[in-house]
Amino acid sequence: MFEFTDSVLQARPDIVWRTNEMRRNPLMYATESRQEKIYSLIYRFDKRKRTLIATLADTSDNCLLHVAGMLSSLAKLDNISGAALQMQRQVQWFKEVEDTGIPQIKESNNCDGMKPRELFTKNHKELVKEGERWMKGTASSCTVVGALIITIMFAAAFTIPGGNNGQTGFPIFLHKKLFTAFIVSDAISLFSSTTSVLMFLGILTSRYAEDDFLKSLPTKMIIGLSTLFISIATMMVAFSSALFIMIHEQSWIVIPMIFLASVPVTLFIWMQFPLLVEMYISTYGRGIFDKKVKSRA
């Protein structure tokens, strides 16, 4: 409970130095449990005290950075969507704790002779594999959709509604606003779906190092999903524009068709948009740690 811990530490700041039977202080336990709010209380101390806390070792000679490299059952990773985002959160924790202490703690050994980074790699080996499978599975599925849209939009650009003028070769409805909407949306859909496929191919060919889950892979996934959403939406706009050009006099057919064209866009938003938002906040948001935490009155 953050409020309780906050109040206790304000009343008795010396409690931060108290340890349990494993010689772990409250901030080490907060790191093991991945309690970012409680861990953020470390920023109330000056740099000297933060460094001292980071260098304290438990009974197994694990410092704070070693604890950050562990994958504890207390971390509650099930609350985070997808193995890739779970791995990203673990890397964020390790990087944050790494920046808290002095550089020397990166080279400290525990009783097993393992440095913090080695312990992190050992404990997160399976999560890296799960994150890779999750990323590749999502990218593969989206690549198929993007490639299909590229094929459709490329063909639609040369089979325009109404056909071409036999004498000039220009489209018959060239000067109609709906035809302009069709061409523009078709081009946007083609370019965005191509960008999407390239991003997903970048994910499929990535090396999947631990640090790639911090920024590189999420950024590619964010761009890929965003451009795929744009391509689907503009594809439906192109379809609706072409339909309206050809049978604009029969609105009883056009209006229901346009309404149905919005269904794929709505389904994509419902299924993928929450993941996209969560991934964006996790990667480019204000962060899970509050470095400006202040004492309450």
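Author: Happy to! A word on terms before we begin: helices (H or I, at least four residues) and strands (E, at least two) are DSSP runs, numbered from the N terminus. This is a predicted model, where local features need pLDDT of at least 70, side-chain atom pairs count only at pLDDT 80 or more, and totals for chains, interfaces and linings use all residues. Residues are numbered from 1 along each chain as its sequence is written, and side-chain values use heavy atoms, with hydrogens and water left out.

Reader: Thanks! Where is Asp212?

Author: Asp212 sits in the loop between α9 (177-204) and α10 (216-246).

Reader: Is Asp212 buried or exposed, and why?

Author: Asp212 counts as buried because its relative accessible area is 8%; buried means under 20%, exposed over 50% and partly exposed in between (1.4 Å probe, protein chains only).

Reader: And what does Asp212 touch?

Author: Apart from residues up to four places away in sequence, Asp212 touches Ser206, Arg207, Leu217 and Pro218. Contact here means heavy atoms within 4.5 Å.

Reader: You mentioned α10. How do the axes of α8 and α10 cross?

Author: The axes of α8 (residues 125-156) and α10 come within 11 Å and cross at roughly 35°. Axes are lines fitted to C-alpha atoms, for helices over the stretch in contact, and angles run from 0 to 180 degrees between N-to-C directions.

Reader: Which residues of α8 and α10 meet?

Author: From α8, Met135, Thr138, Cys142, Val145, Gly146, Ile149 and Met153 meet Leu217, Pro218, Met221, Leu225, Leu228, Ser231, Ile232 and Met235 of α10. That contact has 12 nonpolar residues, 3 polar and no charged. For this count, Ala, Val, Leu, Ile, Met, Phe, Trp, Tyr, Cys and Pro are nonpolar, Asp, Glu, Lys and Arg charged, and the others, Gly among them, polar.

Reader: New topic: which residues does the "transmembrane region" annotation cover?

Author: According to the unreviewed UniProt entry, residues 139-158, 178-201, 222-247 and 253-277. UniProt positions are given in the numbering used here, feature names are shortened, and annotations may be inferred rather than shown by experiment.

Reader: How much helix is in residues 139-158?

Author: Residues 139-158 are 90% helix and 0% strand, with end C-alpha atoms 29 Å apart. For residues 222-247, the span is 96% helix and 0% strand, and the end C-alpha atoms lie 38 Å apart.

Reader: Last one: where is Thr159?

Author: Thr159 is in the loop between α8 and α9. With a relative accessible area of 56%, Thr159 is exposed.
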